[in-house]
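Hi there,

Here is the structure I promised to pass on. Have a look at it first, and then read on for what turned up when I went through it.

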Amino acid sequence: MLLCGARLTDGRTVDVRLSAGRIEAVGTAGSLTAHAARVDLTGYLLLPALAEPHAHSDTALSAETPGPVSYDVQDVQRRTTEAALLQLGHGATALRSHVRIGDVPGLGPMEAVLQARRSLRGLVDLTAVAVPRLLTGVAGADGLAMLRDAVKMGASVIGGCPDLDPDPTGYVEAVLEVAAEHGCPVDLHTDAGDPARLSRLAAIAGGLRPGVTIGPCAGLGRLPAEAASRNADQLAAAGVAVVCLPQGGCGGGGVEGGGTAPVRLLRAAGVRVAAGSGALRDVSNPVGRGDPLEAAYLLASREGLRPEEAYDAVSARARAVLGLPEVRVEAGFPAELLAVRGAQLAGALSLAYSRIVVHRGRVVARTSAVREYCDSAAAVALDLPRQGRSKGPDSP
């Protein structure tokens, strides 16, 4: 497939040829040929694809359901699939979903998410995180057994909410033990509001490979500056990544007090910081969009990150947290791409209504938005376009 006339963030206009799921060649516009499909990207900015490092697919899109949330396998599979396709349409070709196991639903939600993952293969890469409620004491024995069963079923990441266990440190130790047994990465849901507890987590998590991620860490932003800075240094030294949720907490840990992680403090300390969307129209947040570009927009508008840094948090750094290879619009890199109508990244973060998503070298989603104005003297005099600003650099 040949992507024609795309604009890059450095200002160049290029053709990009894709083959076997990778970028085969990048050349000046009009310089490349292809015997297969051509996609005209004139007026689009071409970027590495987005990734969603913190979703809750098992409860997504359940806010308007009357009564308690259903954990029937078919219901969870339907919600997971619908949410994944929504996020794919935004440009996220890789998703990590935290899935609660135990209590009454048992392993049903995990079974449903794994079924959805199989049905979505070729469209989007979906990874399941097993999230048990309790892992310590007598009550935690069942949780440990179920956690191991979830890994055998196909969960590829060990997660959990240590803040909800009577022994948070014991919980983390149990998670790390199971992760070490199976060679799985760890992704813990924590508010990070207790500096001593966070110090212990960093101390015991530092040696684990393939790595430890925590989030959303909103409590870290409520700590005194000295304590927060000290914890940030400890996380950086331990190699622990942080996934923040700029739209707000997702309720997965049950104890968030609002706010977001101190992104600039963490970045200054050397912590790898990615951003996720969190709750998607469930009881925790009935209006979630599941759009990584919204997370990037909030990082730029609220946290003061440059547009390039904000986009990096939902693309390159998010992919790194997920253990995925780097993507650049250069020959040899994976063909995981997002084209958004516009010419500059700041405009894309603001008004990226039209998007074309490429996964494994083929177009898997396309969203087109048309803006129209009624006939009026002002519209004619100003030559208002159907969509965006046809003569400006940031048309949406």
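Predicted model: local features only at pLDDT ≥ 70, side-chain atom pairs only at ≥ 80, totals over all residues.

**What I found**

Thr190 sits in strand S10. Thr190 has a relative accessible area of 5%, so the residue counts as buried. Leaving aside residues up to four places away in sequence, Thr190 touches Asp163, Ile214, Gly215, Pro216 and Cys217. Several of those partners come up again below.

**Around Gly215, Pro216 and Cys217**

Pro216 belongs to strand S11, and the peptide bond leading from Gly215 to Pro216 is cis, with omega near 5 degrees. Cys217 is found in the loop between S11 and H6, and its phi is near 60 degrees, a positive value in a residue other than glycine. Why do these two details deserve a second look? Most residues other than glycine have a negative phi, and most peptide bonds are trans.

Is Cys217 buried or exposed? Cys217 has a relative accessible area of 0%, so this residue is buried.

Arg360 also has a positive phi, of about 55 degrees, although it is not a glycine. Arg360 lies in the loop between strand S15 (355-359) and strand S16 (362-367). With a relative accessible area of 44%, Arg360 counts as partly exposed, whereas Cys217 is buried.

**His54 and its contacts**

Gly215 turns up again as a contact of His54. His54 is part of strand S6 (residues 50-55), and its relative accessibility is 1%, so it counts as buried. Which residues does His54 touch, not counting those up to four places away in sequence? The list is Arg96, His98, His189, Gly215, Val243, Leu245, Cys250, Ser277 and Gly278.

Helix H5 covers residues 195-205, and its buried residues include Leu198, Leu201, Ala202 and Ala205. They span an arc of only 95 degrees around the axis, which puts them on the same side of H5. An α-helix has 3.6 residues a turn, so residues three or four places apart point the same way.

What covers the buried residues of H5? The cover includes helix H4 (168-182), strand S10 (186-190), strand S11 (212-216) and helix H6 (225-238). Strand S10 is where Thr190 lies, and strand S11 is where Pro216 lies.

**Ala84 in helix H1**

Ala84 is in helix H1 (residues 73-90). Its relative accessibility is 1%, so Ala84 is buried. Not counting residues up to four places away in sequence, Ala84 touches Leu95, Leu120 and Val124. How far apart are Ala84 and Gly342 in space? Their C-alpha atoms are 25 Å apart, while 258 residues separate the pair in sequence.

**The chain as a whole**

The protein chain has twelve helices and 16 strands. Its C-alpha trace spans about 70 × 45 × 45 Å along the principal axes. For 396 residues, a compact globule would have a radius of gyration near 21 Å, and the 22 Å of this chain agrees with that.

Of the 396 residues, 53% count as buried. Among contacts in the chain with a separation of 6 or more, 73% come from residues 24 or more positions apart. The chain exposes about 16,500 Å², and carbon and sulfur atoms supply 51% of that area.

The average pLDDT of the protein chain is 91, and 92% of the residues score at least 70. Where does pLDDT stay under 50? That stretch is residues 388-396, for which the model has 22 contacts beyond four places in sequence.

Happy browsing, and do write back with any questions!

Best wishes

Note on methods. Residues numbered from 1 in each chain as written. Heavy atoms only, no water. Buried < 20%, exposed > 50% of the residue type's maximum accessible area, 1.4 Å probe, protein only. Helix = DSSP H or I, 4+ residues; strand = E, 2+ residues; numbered from the N terminus. Arc of directions from axis to C-beta. Contact = heavy atoms within 4.5 Å. Rg over C-alpha atoms; globule rule 2.2 N^0.38 Å. Areas by Shrake-Rupley, 256 points an atom, 1.4 Å probe, with all protein chains shown as cover. pLDDT = per-residue confidence, 0-100.
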